[in-house]
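Reader: I am new to this structure. Please take me through the backbone geometry in the loops of chain A, one spot at a time.

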Amino acid sequence: MAWASLKQREAPNLLRRRVGWSFMLFTLLFAPIVARLWYLQVLRGEEMRLLAENNRVRLHRVQATRGTVVDRYGRVVIDSRPSFDAVFVPEDAGDLSLTIENLASVLGVSSAELRHLVERRGTRPFQEVLVKRDLSFEEVAAIETHQWDLPGVSLQITPRRSYPHGPLLAHLTGYVGEVGPEELQRDSSYRMGDMVGKIGLERAWESFLRGTDGGQQVEVDSLGRRLKVLREVAEVPGHTVRLTIDLDLQQAAHRALGERDGSVVAIDARNGEILAMVSHPSFDPNWFARGIRPQEWRALVSDRSRPLMNRAIQGVYPPGSTFKFIVAAAALEEGVINPFTTVFCPGGLSFGNRYFRCWRKGGHGRVNVHEALVQSCDTFFYQVAQRLGVDVIAVYARKFGLGLPTGIALEHERSGTIPDTAWKQRRFRQPWYAGETLSVAIGQGYVTATPLQMANAIAMMATGRRFRPRFVLQVESPEGDVVQREDAEEIARLELRPTTLKQIRDALHDVVATERGTGKKARLRGVAVAGKTGTSQVVKLGKERSKTTRLPRHHRDHAWFVAYAPADDPEIAVAAIVEHADGGGGQVAAPLVRELLQEYFALKEEREKRSYAQN
Amino acid sequence: MLKIDRRLVAHFDWPLLLALVLLLGAGLVTVLSATHTNEHLISSLFLRQLIWACVAVVAMGIVLLFDYNMLKRWGWLCYVVSLVLLLAVPFWGLKVAGARRWLSLFGVSFQPSELAKLAAIVMLASFLHHRVSERLLDWKTAMFALLLAVIPALLILKQPDLGTAVVVLSVALAMVFAAGLSVWWVVGAVLAAFPLLPYVWHQLKPYQQRRLLMFLDPEQDPLGHGYHVIQAKIAIGSGMWTGKGLFHGTQYRLNFLPEQHTDFIFAVFAEEWGFVGACVLLALYLFLLYRCWIAITRARDAFGLLLGFGITSMIFMQVLINMLMAAGALPVVGVTLPFLSYGGSSLLVCTIGVGLLLNISMRRFMF
């Protein structure tokens with residue numbers, strides 16, 4: 001053997017001796033094991049046998065109550081209420097099929113369904129099967145009275161999410177639903193059947209709202225009934241989230257919009273707090289919290305008016321004439337016009353082989369920038385746009401935050417579109433045509449924006465500052481201590497000459513304040529309102545703009561109004577859009593905004609009076 | 001060269017083989033009991049364990065055909081291969097319960113850390129065997145030998161597999177000590193280890209930290225591991241004198257442990273066989289220890305002695321740690337009970353280890 005010739009080295013005595021010691025040590029170390037076994041099996045054996053056989057110790061999870069959500073004045077927006085669930089431990093049932101029969105008749109479900117539930121559960125024995133959620137009072141009573149026929153069945157109190165205002169704030173709050181497989185994989189602290197935030201605030205603030213589950217070591221008898229709690233880790237309820245929303249104002253906005261499709265957004269122009277955010281049509285988040293039925297879900301997703309869409313951040317609409325204040329600001333700032341530059345409006349403008357109409361058939365006559373904004377003269381802006389060019393308009397639009405996400409902490413926000421030559425090249429691989437600039441000048445063509453973006457833009461016009469819109473004021477512990485404050489976050493400042501700002505602001509004021517103004521229906525007693533109307537075309541029409549009421553509904557124009565008030569010391573900025581309205585922005589959207597602003601100032605006065613009375 | 005010499009058969013250590021066979025049998029029966037359900041006596045886990053046991057016995061037979069002295073020359077290769085496999089784990093390893101410990105080859109998954117234990121022992125034996133003498137080891141040799149073990153231990157710790165890392169390090173320490181490490185060095189190393197503890201602590205995963213804390217104060221985590229340890233104790237204790245009988249254990253069916261057929265199999269065994277049965281099992285292990293001792297003291301060469309000693313230390317450290325852990329006398333670190341715990345890699349490595357001891361024993365006159 002070749003390797004046998006390898007030099008063998010005789011083991012030295014030192015090695016032998018030490019191996020011997022080690023073996024002795026190993027042998028001695030068996031003694032503590034025997035001692036430990038003696039202690040457990042012989043000395044304490046009886047006690048342990050009793051523990052193992054007569055009583056069983058089980059782990060029972062105590063679900064944390066999800067945090068509440070309140071409006072800025074502490075009124076409940078989302079709550080949790082206790083509900084009874086029926087749970088079943090098959091191992092405790094004794095005669096399994098008999099118990100299932102009994103349970104089925106008590107709960108009024110089919111026994112096949114129950115059997116399926118029992119078989120479907122995991123392999124872990126003694127794991128509770130959730131038989132039915134949210135029992136009615138009658139069902140609870142029935143289970144209580146038939147306890148002896150239902151071994152292994154017990155009632156469990158679990159907090160259930162409730163949205164007392166239903167559809168009012170649904171798009172903002174989102175909803176909870178049963179935890180999905182991906183969420184289970186990602187976070188091991190979730191269990192099958194847990195409710196988690198699926199969308200909106202519920203999802204974005206999940207970590208604060210959730211709380212920490214507690215648990216109990218429970219001693220149960222042979223029928224699985226709880227004898228006593230041995231040890232307990234208390235649950236920690238979730239934090240309270242305080243919204244920036246004023247529930248009264250939200251309701252007012254909701255009322256003002258009524259049954260019409262559209263969106264209303266009101267923000268505090270001084271800090272970006274969202275005071276109201278309505279999107280209609282809406283849905284009832286309670287459906288999701290209790291487990292949405294298939295037919296309800298089908299109805300929601302197949303509805304052509306898309307109730308699940310949050311129009312305030314996901315609805316992209318051509319801003320129409322509301323866009324003009326931005327074009328006007330660009331023109332004044334770039335010096336292509338001055339306040340005295342006038343344009344003659346005969347009711348439209350020929351450009352190339354096309355005739356671009358002004359909304360007023362007879363024309364506005366000779367107008368300067370002030371009058372062009374007040375009366376919303378299209379022809380003036382066609383002229384100005386040619387001098388500016390689309391790329392400059394785009395730069396200014398972006399200064400106002402259009403074409404960019406606002407950064408609101410909600411998922412799936414859309415940015416809208418601010419076109420320029422580079423964008424068109426990228427998107428369509430085509431050059432920009434000068435005629436398209438004319439459409440852009442009046443907020444048509446490729447230009448789109450969301451209501452929230454427009455509210456943000458008009459707020460920036462009012463204050464010169466743009467903030468990230470927020471809907472959460474702060475997070476509070478259940479004891480009321482502030483855990484996290486969401487501070488105002490300024491995103492940009494408007495670097496325009498004071499004269500430009502004053503020109504535009506004066507014009508926006510006169511849009512509402514003068515009889516010629518298109519927004520006069522937003523006028524309010526006692527408070528000066530500044531704003532801009534818009535009527536955005538949905539489809540390109542023939543030679544003449546027809547009376548909107550004669551068109552099929554989905555071809556009718558959208559009615560816009562953006563505003564801020566008070567004009568001299570802006571507090572609140574509003575953007576409202578009514579889809580496919582019965583009239584233009586001045587007819588439909590301006591009165592709506594007026595109603596909202598009236599409510600805002602009435603509430604403010606009331607609150608001031610009350611605090612005056614208290615002091 | 002593979003012809004079986006008559007002398008080899010004559011010197012074969014039959015009692016050692018008998019001890020091995022008895023332990024393997026006890027292991028299979030316990031795995032069967034720990035995994036059976038009311039509906040199915042034979043679980044897929046048991047079948048897999050049975051297949052692994054057969055594979056292990058065949059592998060042991062193959063080990064017997066070769067002279068263990070070959071490992072002197074090829075020990076370093078085993079060591080390098082095991083390191084490469086360990087390094088592959090973080091990249092291609094299968095993730096099970098938060099730890100990446102398994103590699104999958106041709107549909108068979110195994111734990112490179114188990115293989116690394118044996119490879120480290122072979123490496124240390126071949127490194128040390130021509131450096132031993134009647135005098136103590138010089139410190140450079142001792143340090144280098146320990147370093148050889150620290151490298152795989154760190155890789156294993158990272159997986160994370162605290163138990164196996166501890167076993168590798170303590171086996172290495174035992175071997176270097178046997179080879180002539182000064183006792184003062186051992187004392188010094190233990191003392192030096194204390195300042196390193198905070199570092200090691202931070203290297204541990206949160207669940208490992210919890211387990212260690214929980215051992216110090218079981219009340220801290222009454223819903224997690226505290227519950228498991230309490231239930232394991234109840235399982236062992238409720239076995240009383242003679243146990244509840246095979247298949248009549250109740251505690252393990254509560255699923256008090258995530259690993260009732262692996263690391264906590266001793267609790268199942270002690271519940272079903274009681275104090276008497278557990279003592280018989282201990283006696284069986286002691287008998288194995290005794291036969292191992294016979295085998296290695298008969299070896300004349302330093303390599304055989306060191307190799308055999310390393311393997312024996314590995315098996316017995318695991319037995320001690322595992323049993324004390326199941327009985328709630330040591331923190332829960334994942335260490336398998338040799339021959340009993342479910343798990344192919346562990347079974348294979350321990351059986352091959354005994355194969356090497358048989359090999360050493362039967363070739364003792366082959367100089």
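Author: Start with a definition: a residue is buried if 20 or more other C-beta atoms lie within 10 Å of its own, exposed if 12 or fewer, and partly exposed in between, with C-beta atoms placed from the backbone. This is a predicted model, where local features need pLDDT of at least 70, side-chain atom pairs count only at pLDDT 80 or more, and totals for chains, interfaces and linings use all residues. Residues are numbered from 1 along each chain as its sequence is written, while chains are lettered from A and ligands numbered from 1 in the order in which they are written.

Take A:R429. Its phi is positive, about 55°, although A:R429 is not a glycine. This residue sits in the loop between α18 (421-428) and α19 (434-441) of chain A. Helices (H or I, at least four residues) and strands (E, at least two) are DSSP runs, numbered from the N terminus. A:R429 counts as exposed because it has 7 C-beta neighbours inside 10 Å.

A:H580 also has a positive phi, near 45°, and is a residue other than glycine. Its loop runs between β23 and α22 (585-614) of chain A. With 18 other C-beta atoms within 10 Å, A:H580 is partly exposed.

Now the cis peptide bonds. One joins A:H280 and A:P281, with omega about 0°. A:P281 lies in the loop between β12 (274-280) and α11 (285-289) of chain A. Another cis bond runs from A:A565 to A:P566, where omega is near -15°. A:P566 belongs to the loop between β22 (558-565) and β23 (572-578) of chain A.
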